[in-house]
Amino acid sequence: MVASNLKFHPEAAFVVAGQPITQTQFFADIAAYQSKLTALKAGSHVVLFHPDTYQFAVRLFALACSGYNVILPPNGQHETLSLLLAQSAFFAGDATNIDDDVLFTNLEHSLGHTPLQTNRLQWPTNTAVIFYTSGSSGQSKPIVKPWRVLNRELAVLSMSFDLPSQFTFLATVSHQHIYGLLFRLLWPLAKGHIIDSEQIQYPEHIAQRLKNIRYAALVSSPAQLGRLCADNVLIPERDKIKWLFSSGGPLNNEHAETLFNQLARPATQVFGSTETGGIAYRQVTQAAVDVPWQPFNGNFLSLNHEGRLMLDSAILEQSNFPLDDRALIHKNGQFKLLGRIDRTIKIEEKRLNLDELESYLQSHDWVKEAKVVVIPAKRVQIGAVVVLSDEANKELEQQGKLAINRALQAHLSNRFERICLPRKWRYIDALPFNSQAKLSLKTLEQYFAKPE
């Protein structure tokens, strides 16, 4: 079993808006926030969303160290927060996208103003973090990650990747997802590194920060790294980047080779999921070489009779856990991925279940039936084939297709982020079911073979 006795490293610190925040201030802010929690019962679930990593961290540890379970929304969209507040009426963080008609208790305005005296804050061990993510059924499902499991994952990261000096962690990904939570917050906090609290959107801002940093670890995603390759503004400061992490989807081998040549540092790719955490890692430096994945210590992979990957994990305390991937496993335990087997896809590292997208699209009054497909292209795009209601067909005749597109996109944006919305729309009289009452994927894709 992987040891996981973690604590706050005394040298860990944050940078917020360019200003350093010491661990002493961090602990004081946590204690002040804990004083607002007197109305909660032990074991309560609290929905937590905040875009700033420092403010998020204060609330996360205040809740977890006080005996509360934390629900992390994947984003701050109005519909997402409303759905999760139906699971728990307690909310902590940025409530900008929550309507007044949603009943919840905003802990930001709870009673209690006397900070607790916290001389030594204990690292969480007994509560859990709960993620909500789309399963193969298309319905969002809770993924419960006890702190004892998260702590074992952190211990494995420390064994796998050597960061001997104090690094500043820069990130282009959100801490609301498990990859960002582990790599940009919990791991550096436990190992004495510095955490930049802002989720950086543009490479130019990374380059600017690198000028004032001695050693940096960059936590990013394949889509963001792919765009960086075209005009890599980090090259003048590349000596500062000692580690480059990528997860959330596959990193193109050509992009991996280009990054290695540009930065003289391989991208460390991490394969995993919300359910499993990190499963394996690899580093690709030549596009022509299909480097196998190395399982993290404590993870063992096998195949079932369908060629589906099965995970035995001492980290998760689970055996025969089915994954959504096919693979080829080598005798040494390393493996090569052969593709996903379900309808959950990744669009620029955003996990999207096509069944969930279809279901929510069909909840609009104008939609009788709908199917969404992935359009074969250089960049992943979603196409929607829709059978409209009589009312919508009248609107289509009067206002045109663009107006219908915008109305349906606006509806979907209540639940899904912009990158996940269909880019192409086709309106037809009936879905093309065959004699076996099945829809052919190739038939649906043909609707998008030619531009309208």
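At what angle do helix α7 and helix α8 pack, and how far apart are their axes? This is a predicted model, and in it the two helices meet at an angle of about 55 degrees. Their axes lie 9 Å apart. Helix α7 covers residues 222–230, and helix α8 covers residues 253–263.

Two packed helices are described by the angle between their axes and the distance between the axes. Angles from 65 to 115 degrees count as roughly perpendicular, and those under 35 as roughly parallel. The pair α7 and α8 is therefore oblique. The crossing of α7 past α8 is left-handed.

Which residues make the contact? From α7 come Leu225, Gly226, Leu228 and Cys229. From α8 come His255, Thr258, Leu259 and Gln262. Four of the residues in this contact are nonpolar and four are polar. None is charged.

Now turn to the strands. Strand β13 spans residues 267–273, and strand β14 spans residues 277–283. The two run antiparallel and are joined by six bridges.

Strand β14 has another partner to follow, strand β15, made of residues 294–295. Here too the strands run antiparallel, and two bridges join them. What stands opposite Tyr281? Gln294 of β15 does.

Terms used: Residues numbered from 1 in each chain as written. Predicted model: local features only at pLDDT ≥ 70, side-chain atom pairs only at ≥ 80, totals over all residues. Heavy atoms only, no water. Pairing = 2+ DSSP bridges. Helix = DSSP H or I, 4+ residues; strand = E, 2+ residues; numbered from the N terminus. Axes fitted to C-alpha atoms, helices over the stretch in contact; angles between N-to-C directions. Parallel < 35°, antiparallel > 145°, perpendicular 65-115°, else oblique. Left-handed = near helix turned anticlockwise from the far one by under 90°. Contact = heavy atoms within 4.5 Å. Nonpolar A, V, L, I, M, F, W, Y, C, P; charged D, E, K, R; others polar.
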